[in-house]
Amino acid sequence: MKKRFLLILALLPLLAFTAAHKFYVSATDIEYNEENRSLQIISYVFVDDLEKLLKTRYSEELFLLKEGEHESADQYVEKYFRDKLKISVDGNPRQFSYIGKEYDKDQLLVYLEVEQVEPFRKISVENGVLTDLFPEQKNVVKVENKGKIKSLLLSRNELRGTLNFSK
């Protein structure tokens with residue numbers, strides 16, 4: 001009995017740390033649509049993390065909720081993504097169009113598109129989403145081009161990466 005108690009007592013701090021620890025991660029999928037000559041982008045972020053960041057950066061009254069959402073939520077989300085997500089195709093910076101967003105449980109899906117993209121060899125992505133508020137934030141970027149899938153793991157210390165599809 002005493003050994004069991006000591007074992008539980010020794011493990012308690014580890015269990016408490018594990019339960020309290022939160023992971024900060026987002027995922028961005030970029031797919032080249034050859035027929036439409038566009039990059040179709042979906043970025044997945046946790047609603048509570050983005051809401052906290054937008055409140056800190058823009059407005060304390062900003063809420064991201066399915067019901068009761070701030071009337072300017074789309075404008076703030078678009079503004080933030082324009083500031084934090086940059087894409088270059090074959091060395092040429094490209095602007096994206098903000099298509100919209102939707103809620104999926106505890107995640108926000110942000111839809112973006114880069115139009116008039118010719119077949120490419122290299123794509124560079126800078127993704128600083130949420131890294132300004134959460135130092136541990138990791139941003140996974142997956143790019144699909146002509147059946148090939150490549151990915152990047154970006155962080156506050158390494159915001160930018162380039163994928164080469166000519167190999």
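Visitor: Which backbone oxygen does the side chain of Arg-156 reach at 2.7 Å?
Guide: At 2.7 Å, the side chain of Arg-156 reaches the backbone oxygen of Thr-131, and it also reaches the backbone oxygen of Asp-132, at 3.4 Å. A polar contact is a pair of N or O atoms within 3.5 Å, where, within protein, one atom must be able to donate a hydrogen and the other to accept it, and residues adjacent in sequence count only if both atoms are side-chain atoms.

Visitor: What kind of model is this?
Guide: This is a predicted model, in which local features need pLDDT of at least 70 and side-chain atom pairs count only at pLDDT 80 or more, while totals for chains, interfaces and linings use all residues. Residues are numbered from 1 along each chain as its sequence is written, and side-chain values use heavy atoms, with hydrogens and water left out.

Visitor: Back to Arg-156, where is it placed?
Guide: Arg-156 belongs to the loop between β9 and β10; helices (H or I, at least four residues) and strands (E, at least two) are DSSP runs, numbered from the N terminus. Not counting residues up to four places away in sequence, Arg-156 touches Thr-131, Asp-132, Leu-133, Pro-135 and Gln-137, where contact means heavy atoms within 4.5 Å. The C-alpha atoms of Arg-156 and Gly-128 are separated by 6.8 Å, although the two are 28 residues apart along the chain.

Visitor: Is Arg-156 buried, exposed or partly exposed?
Guide: With a relative accessible area of 38%, Arg-156 is partly exposed, since buried means under 20%, exposed means over 50% and partly exposed is in between, for a 1.4 Å probe and protein chains only.

Visitor: New topic: what is the order of strands in the open sheet of six?
Guide: That sheet has the order β5-β6-β2-β1-β8-β9, with mixed pairing, and two strands count as paired if DSSP finds at least two bridges between them. β5 (97–104) and β9 (148–155) stand at the edges with a single partner strand each, so one side of each is left without a neighbour in the sheet. The twist averages 15° from one strand to the next, with axes taken as lines fitted to C-alpha atoms, for helices over the stretch in contact, and angles running from 0 to 180 degrees between N-to-C directions.

Visitor: And how does β8 pair with β1 and β9?
Guide: Strand β1 (residues 25–33) runs parallel to β8 and is joined to it by seven bridges, with Asp-29 opposite Lys-142. β8 and β9 run antiparallel, joined by eight bridges, and Asn-139 stands opposite Leu-154 in β9. These two strands, β8 and β9, form a hairpin with two residues between them, and Lys-146 in the turn has a positive phi of about 50°.

Visitor: Which residues make up the covered face of β8?
Guide: The covered face of β8 (residues 138–145) has Asn-139, Val-141, Val-143 and Asn-145, whereas Lys-138, Val-140, Lys-142 and Glu-144 make up the uncovered one.

Visitor: At what angle do α2 and α3 pack?
Guide: They pack at about 90°, with their axes 11 Å apart, and α2 and α3 are therefore roughly perpendicular to each other. On that scale, angles under 35 degrees count as roughly parallel, over 145 as roughly antiparallel, 65 to 115 as roughly perpendicular and the rest as oblique.

Visitor: Which residues meet there?
Guide: Leu-50, Leu-53, Leu-54 and Arg-57 in α2 meet Tyr-76, Val-77, Tyr-80, Phe-81, Asp-83 and Lys-84 in α3. Seven of the residues in this contact are nonpolar, none is polar and three are charged, where Ala, Val, Leu, Ile, Met, Phe, Trp, Tyr, Cys and Pro count as nonpolar, Asp, Glu, Lys and Arg as charged, and the others, Gly among them, as polar.

Visitor: Which strands does α2 lie across?
Guide: Helix α2 (residues 47–57) lies across β2, β5 and β6, running at about 90° to β2. Helix α3 also lies across β2, β5 and β6, at about 115° to β5, and, as residues 73–84, it lies across β3 (85–89) and β7 too, at about 50° to β3.

Visitor: What order do the strands have in the four-stranded sheet?
Guide: This open sheet has the order β4-β3-β7-β10, with antiparallel pairing, and its edge strands are β4 (92–94) and β10 (160–164). Five bridges join β7 (residues 122–127) to β10, with Lys-122 opposite Asn-164.

Visitor: Is Ser-124 buried or exposed?
Guide: Ser-124, in strand β7, is buried, with a relative accessible area of 12%. Its side chain makes a polar contact with the side chain of Thr-162 at 2.7 Å.
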